[in-house]
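Q: I have a model open and would like to walk through it with you. Could we begin with the words we need?

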Amino acid sequence: MNLFFLAAGTSGRILEISKGLPKPLIKINGASILERNFRWVVKFKFIKRYFINTYFKPNHIKKEINKLEKKLKIKIKISNERKLLGTAGAIKKIEKDLKKLFFVVYSDNLLNFNLLKMLQFHKSKKSDITMALYSLKNNPFTGIASSSIKLDKSLRIVDFQEKRSSKGNSKYLVNTGVIILNNKIFKFIKNNKFSDLSNDIFKNIVKNKSIRFFGYKIEKKDSYCLAIDTPKAYHNLMKLLNKIKLIN
């Protein structure tokens, strides 16, 4: 199975913390967000191939990737975008590499939960798309919640609202930025066009009864999705580290 890290964003809201570098390169206790997330995913041996996209200051990301390949003994294929394609456009660009079933991971959140359990859930539901979700009540939270998601009793997603930089509402579940997709997704995405998974694709797919779109709730114990979208969220994270331990 393949995994694709999304890392092409311009990091505009947190440049004062990132010091002008891409957000995934922000260091938390001595290791970049990107390194911590790669250390997390390589634990799951069913993932065989790794991909990452770049756009903003790509040479800095490439330098970090070179280091991680040596440290973790893996190969990571880089998809550089000369024009920003968005999260959906990025996966469309490497459609032939990603093939039938793959993970997409937003590389600028600090993440930890069991990807094997998520994959087992995906298969048990015969799902086309499975999105990992967290609860603001039950999981560590840095003050950023980019979505409000409702599930039915079968855990199928019935309402998907993307609200950038929202404080969040504890009644709803939030997108972690970890998604399992199969190749049905590609028919909804145009070639070489900017397109966003959350704002352009998922909000329409949720109404499409032919696509099985489910939400997987991440576990409470030792699981987290810590957004670092703004300086305030970064400072909230640093305070939170006094209460929780980063696993990766």
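A: Let us begin with burial: a residue is buried when its relative accessible area is under 20%, exposed when it is over 50%, and partly exposed in between, using a 1.4 Å probe and protein chains only.

Q: And what share of the residues counts as buried here?

A: Of the 248 residues of the protein, 56% are buried. The model is predicted, and for this reason local features need pLDDT of at least 70 and side-chain atom pairs count only at pLDDT 80 or more, while totals for chains, interfaces and linings use all residues. Residues are numbered from 1 along each chain as its sequence is written, and side-chain values use heavy atoms, with hydrogens and water left out.

Q: How many helices and strands are there?

A: The protein has 8 helices and 13 strands, where helices (H or I, at least four residues) and strands (E, at least two) are DSSP runs numbered from the N terminus.

Q: What does the radius of gyration say about the overall form?

A: The protein has a radius of gyration of 17 Å, which agrees with the value near 18 Å that a compact globule of 248 residues would have. That radius is taken over C-alpha atoms, and the globule rule is 2.2 Å times the number of residues to the power 0.38. Along the principal axes, the C-alpha atoms fill a box of roughly 45 × 40 × 35 Å.

Q: What about contacts between residues at least 6 apart in sequence, how many join residues at least 24 apart?

A: Among those contacts, 76% join residues at least 24 apart, with contact meaning heavy atoms within 4.5 Å.

Q: New topic, how many aromatic pairs are there?

A: The structure holds 10 aromatic pairs. Rings of Phe, Tyr and Trp (its six-membered ring) pair if their centres lie within 6.5 Å, and planes under 30 degrees apart count as stacked, over 60 as edge-to-face and the rest as tilted.

Q: Is the pair of Phe102 and Phe186 stacked or edge-to-face?

A: The ring centres of Phe102 and Phe186 are 5.7 Å apart and their planes lie at 20°, so this pair is stacked. Because Phe102 lies in strand β6 (residues 101-106) and Phe186 in the loop between β11 (173-182) and α7 (197-205), the pair ties together parts that are 84 residues apart in sequence. Phe102 is buried at a relative accessible area of 0%, and Phe186 is buried too, at 3%.

Q: And how are the rings of Phe121 and Phe214 arranged?

A: The rings of Phe121 and Phe214 have centres 6.5 Å apart and planes at 80°, so that pair is edge-to-face. Phe121 sits in helix α6 (residues 115-124) and Phe214 in strand β12 (residues 213-217), 93 residues apart, and the pair therefore links distant parts of the chain by joining the two. With a relative accessibility of 13%, Phe121 counts as buried, and Phe214 is buried at 2%.

Q: Which residues do ring pairs link into a cluster?

A: Phe5, Phe38 and Tyr50 are linked into a cluster by ring pairs.

Q: Let's move to helix α8, which of its residues are buried?

A: In helix α8 (residues 231-240), the buried residues are Pro231, Ala233, Tyr234, Leu237 and Leu240. Their cover includes α1 (15-18), β2 (27-28), β7 (109-112) and β13 (224-227).

Q: Why might residues three or four places apart in a helix point the same way?

A: An α-helix has 3.6 residues a turn, so residues three or four places apart point the same way.

Q: Is Leu197 buried or exposed?

A: Leu197, which lies in helix α7, is buried at 0% relative accessibility. Leaving aside neighbours within four places in sequence, Leu197 is in contact with Thr87, Ala88, Ile91, Val104, Tyr106, Ile179 and Phe202.

Q: Last one, what is the phi of Lys99?

A: Phi of Lys99 is near 65°, a positive value in a residue other than glycine. Lys99 is placed in the loop between α5 (95-98) and β6, and at 52% relative accessibility Lys99 counts as exposed. Asp222 likewise has a positive phi, near 60°, and is found in the loop between β12 and β13, where Asp222 counts as partly exposed at 48%.
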